[in-house]
Amino acid sequence: MNINLRFGYPGSYDYETILDQFSGTKINTLRTSSIPLVQFWKETEGNLKTLLESLNLSGQNITLCFEYPTRPLAGRGKSSMTDLMIIGQGFKIALEAKFTEYAKNSKPETIAKWIKKGDDSNNRQLVLSSWTKLIDPFSKGLDNKFIMDISYQFFHRTASACYDTNNAFVVYQVFFDKATEPYRDNFKKQITEYVRIINPESNLKFFLWEVETDQKIMKADENPFEEMKIKPLYEFGKSSLTEIVPGN
């Protein structure tokens, strides 16, 4: 299996170069999800094999792009940045990492709130229409009324997975510890409801990858991505990868 690691668009990197790229990014807290995400995927081949087998996928040439940008088809707006986009022949997997975010923000910003918050609601409607256009071929029927209740981040992450592919997958990789575990059920309920509204066809699937995480002590002045070159910052325990199917 040929595996290419990338940050954003092309240029195949080794793992330490990926760490260098992340070292220059801004993190708001040492418990942000990008840190365990990057360490988890150091074991690239084994974890990729687990993921592909669970999704019934295979391939020899697989590209992993951290911070993968997808621009809206219409309107002005920043690219949707997927934490990790995995690209194979005939499929794309948009992987979104969560750690403490789902505990801190139990009520994510809905599409309705996102539209009202902007200075130019007409432009935001254009951007929303462009994401909707990408998802439409992968849905049994989108109801514009109900999509207003979906998390905006969830919606454009789904659109990014659907762009330029025949088969799309969205995987939420949820890292949890004793502090965040009580919030997992609520997060799963939210994601399940969003999937119900998306009403996906068979070529769009959603998964939840839950990973038990033990975070080591990190100093506030340390750059965690530089520290990863020297020592692991996490120990990962039990994990489960399950498909999100509304009604089950």
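Let's start with aromatic pairs: there are 16 of them in this structure. Rings of Phe, Tyr and Trp (its six-membered ring) count as a pair if their centres lie within 6.5 Å; planes under 30 degrees apart are called stacked, over 60 edge-to-face, and the rest tilted. A quick word on the source: this is a predicted model, where local features need pLDDT of at least 70 and side-chain atom pairs count only at pLDDT 80 or more, while totals for chains, interfaces and linings use all residues. Residues are numbered from 1 along each chain as its sequence is written, and side-chain values use heavy atoms, with hydrogens and water left out.

Now, how do we describe such a pair? A pair of aromatic rings is described by the distance of the centres and the angle of the planes. Take phenylalanine 154 and tyrosine 172: the ring centres are 6.0 Å apart and the planes sit at 10°, so this pair is stacked. Phenylalanine 154 belongs to helix 7 (residues 152-162) and tyrosine 172 to strand 5 (residues 167-176), so the pair ties together parts that are 18 residues apart in sequence. When I say helix or strand, I mean DSSP runs numbered from the N terminus: H or I with at least four residues for helices, E with at least two for strands. From C-alpha to C-alpha, tyrosine 172 and phenylalanine 154 are 9.8 Å apart in space.

Are these two residues buried or exposed? Phenylalanine 154 is buried, at 1% relative accessibility, and tyrosine 172 is buried too, at 3%. Buried here means under 20% relative accessible area, exposed means over 50%, and partly exposed is in between (1.4 Å probe, protein chains only).

Next, please look at phenylalanine 175 and phenylalanine 236. Their ring centres are 5.8 Å apart with the planes at 40°, so we call this pair tilted. Phenylalanine 175 is in strand 5 and phenylalanine 236 in strand 7 (residues 234-243), so the pair ties together parts that are 61 residues apart in sequence. Phenylalanine 175 is buried, with a relative accessible area of 0%, while phenylalanine 236 is partly exposed at 28%. Both belong to a cluster that ring pairs build from Phe40, Trp41, Phe99, Phe175, Trp209, Tyr234 and Phe236.

One more ring to find on your screen: arginine 184 lies over the face of phenylalanine 176, 3.7 Å from the ring centre. For a charge to sit over a ring, NZ of Lys or CZ of Arg must be within 6 Å of the ring centre and within 35 degrees of the ring normal.

Let's move on to the helices. In helix 1 (residues 15-23), the buried residues are Tyr15, Ile18, Leu19, Phe22 and Ser23. Looking down the axis of helix 1, these fall within an arc of 145°, so they line one face of the helix. That arc is taken from the directions that run from the helix axis to the C-beta atoms.

Which residues are buried in helix 3? They are Thr44, Asn47, Leu48, Leu51 and Leu52. These cover an arc of only 130° around the axis, which puts them on the same side of helix 3. Over on the other side of helix 3, Glu45 and Glu53 are exposed.

How do two helices meet? Helix 6 (residues 121-135) and helix 7 pack at an angle of about 50°, with their axes 8 Å apart. That makes helix 6 oblique to helix 7. Axes are lines fitted to C-alpha atoms, for helices over the stretch in contact, and angles run from 0 to 180 degrees between N-to-C directions. Under 35 degrees counts as roughly parallel, over 145 as roughly antiparallel, 65 to 115 as roughly perpendicular, and the rest as oblique. Helix 6 also passes helix 7 in a left-handed crossing, meaning that the near helix is turned anticlockwise from the far one by less than a right angle, with clockwise being right-handed.

Last stop: the backbone. Most residues other than glycine have a negative phi, and most peptide bonds are trans. Asparagine 56, though, has a positive phi near 55°. Asparagine 56 sits in the loop between helix 3 (44-54) and strand 2 (61-70), and is exposed at 71% relative accessible area. Glutamate 67 also has a positive phi, near 50°. Glutamate 67 lies in strand 2 and is partly exposed, at 22%.

Thanks, everyone!
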